[in-house]
Amino acid sequence: MSVGDRLLELAHTDERAVLFTVVDGPKAGARLLVLLDRGAETVGDAPEGLASLAPEIRRNGMVEHEGARVFAEVYGPPPRLVVVGAVDTAEALCAAAGQLGWHTICVDPRALFATRERIPSADELISEWPDDAMARIAPDHNTAVVVLSHDEKFDVPALKSALRTEAFYVGAIGSRRTQAKRREKLLEEGLTDEELAQIYGPAGLDIGADTPAEQAISMLSEALAVRAGRRGTPLKTAPGRIHVEE
C-alpha cells in the first residue's frame, strides 16, 4: 500500500501517525509514514531511522536526521486537556483550550460540581475519583493534566496517577507552601524525587494572572510552551526562531 493510500485511510480514523518528508539532503522528496498505534509500522521510502523519532513528535515541524532536513506532520486525535476540580478556573481552562481545538475533560468526584451548568465548555464531564478517571482516560504524550482541586484527598491521587502516565504536562495550583506539603504526601505515597520534579507547580507562567480567565491563559500558555519545548520567555528576548515549525 502506498503512503497516499494509507493517509486516506487515516483520515477516517483516530489512529496516531507521523509522516516524514525529506525536504533537503539525501533522498529529498522521500516520505515515511510511521503508524504509532500499529507498533510503529512504516510505509514509504524515507530512511527507516526516522521511525524512532515519531513517538516524541507532538506537532508539525522540521527535524534534523543524518544530515537531512525533514518535515514531520502529525496525524491523529487533537491534544487533550484533563482538568481535575470543577471550579471556575476549570471552566475558563476548558473554554480556552477549546479555542485551540483541544479535547477537554473535567474530572470531579462530586456529582453536584461536575455538571454541565458549572462547566459548559468541557467536552467530557467525569464524576469519578481522580485515580479511577485517570485509569480510564489513559493520558498519552499528547495530553496535559491540570489539578485545580486544592484538596489533598483529590489532588494527591490525581497527581500520583497523572505522573505515572505519558502526559506531557502535569500542573497543579497552590502556593509554594501548599506545593511543599503536597510533595511530602506524594513522597509518602511512594513517588520518587524524579517523578515529583515533573510537576509544574504553582502551575502557569508569571504574567500577573488574577481572574480565572487570566489564570487559564497563564496555565495553558505554560502547557503550550512545554509541548513545543520552549521556555515561555518574551519573544523580544527569546533566542532562536519564533515559529517552532521553521
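Two strands count as paired if DSSP finds at least two bridges between them. Helices (H or I, at least four residues) and strands (E, at least two) are DSSP runs, numbered from the N terminus. This is a predicted model, in which local features need pLDDT of at least 70, side-chain atom pairs count only at pLDDT 80 or more, and totals for chains, interfaces and linings use all residues. Residues are numbered from 1 along each chain as its sequence is written, and side-chain values use heavy atoms, with hydrogens and water left out.

- Six strands form an open sheet with parallel pairing, in the order 8-7-6-9-10-11.
- Strand 8 (124-126) and strand 11 (199-200) are at the edges, each with a single partner strand, so one side of each has no neighbour in the sheet.
- Strand 9 (residues 143-147) pairs with strand 10 (residues 169-172) in the parallel sense, over 4 bridges.
- Opposite Val146 stands Gly171 of strand 10.
- Helix 7 (residues 212-228) lies across strand 9, strand 10 and strand 11, at about 155° to strand 10. Axes are lines fitted to C-alpha atoms, for helices over the stretch in contact (heavy atoms within 4.5 Å). Angles run from 0 to 180 degrees between N-to-C directions.

- Another open sheet has 5 strands in the order 3-2-1-5-4, with antiparallel pairing.
- Strand 3 (41-44) and strand 4 (61-65) are its edge strands, each pairing on one side only.
- From one strand to the next, the twist averages 30°.
- Strand 1 (residues 17-24) and strand 2 (residues 31-35) run antiparallel, joined by 5 bridges. Thr21 has Arg31 in strand 2 as its bridge partner.
- Helix 1 (residues 3-10) packs on this sheet and touches strand 1, strand 2, strand 3 and strand 5 (68-75). The direction of helix 1 makes about 35° with that of strand 2.

**Nonpolar cores**
- A nonpolar core is a set of buried (under 20% relative accessible area, 1.4 Å probe, protein chains only) Ala, Val, Leu, Ile, Met, Phe, Trp, Tyr and Cys residues joined through side-chain atoms within 4.5 Å.
- The largest core has 23 residues, of which Leu81, Leu93 and Tyr169 touch the most other members.
- Strand 6 (80-84), helix 2 (88-99), strand 9 and helix 7 each supply at least two residues of this core.
- Residues up to four places away in sequence aside, Leu93 touches Leu81, Val83, Val146, Leu148, Ala216, Met219 and Leu220.
- A second, separate core of 22 residues includes Val107, Ile126, Leu159 and Ile199.

**Trp129**
- Trp129 sits in the loop between strand 8 and helix 3 (130-137).
- Neighbours within four places in sequence aside, Trp129 contacts Pro109, Lys153 and Phe154.

Notes:
Buried means under 20% relative accessible area, exposed over 50%, partly exposed in between (1.4 Å probe, protein chains only).
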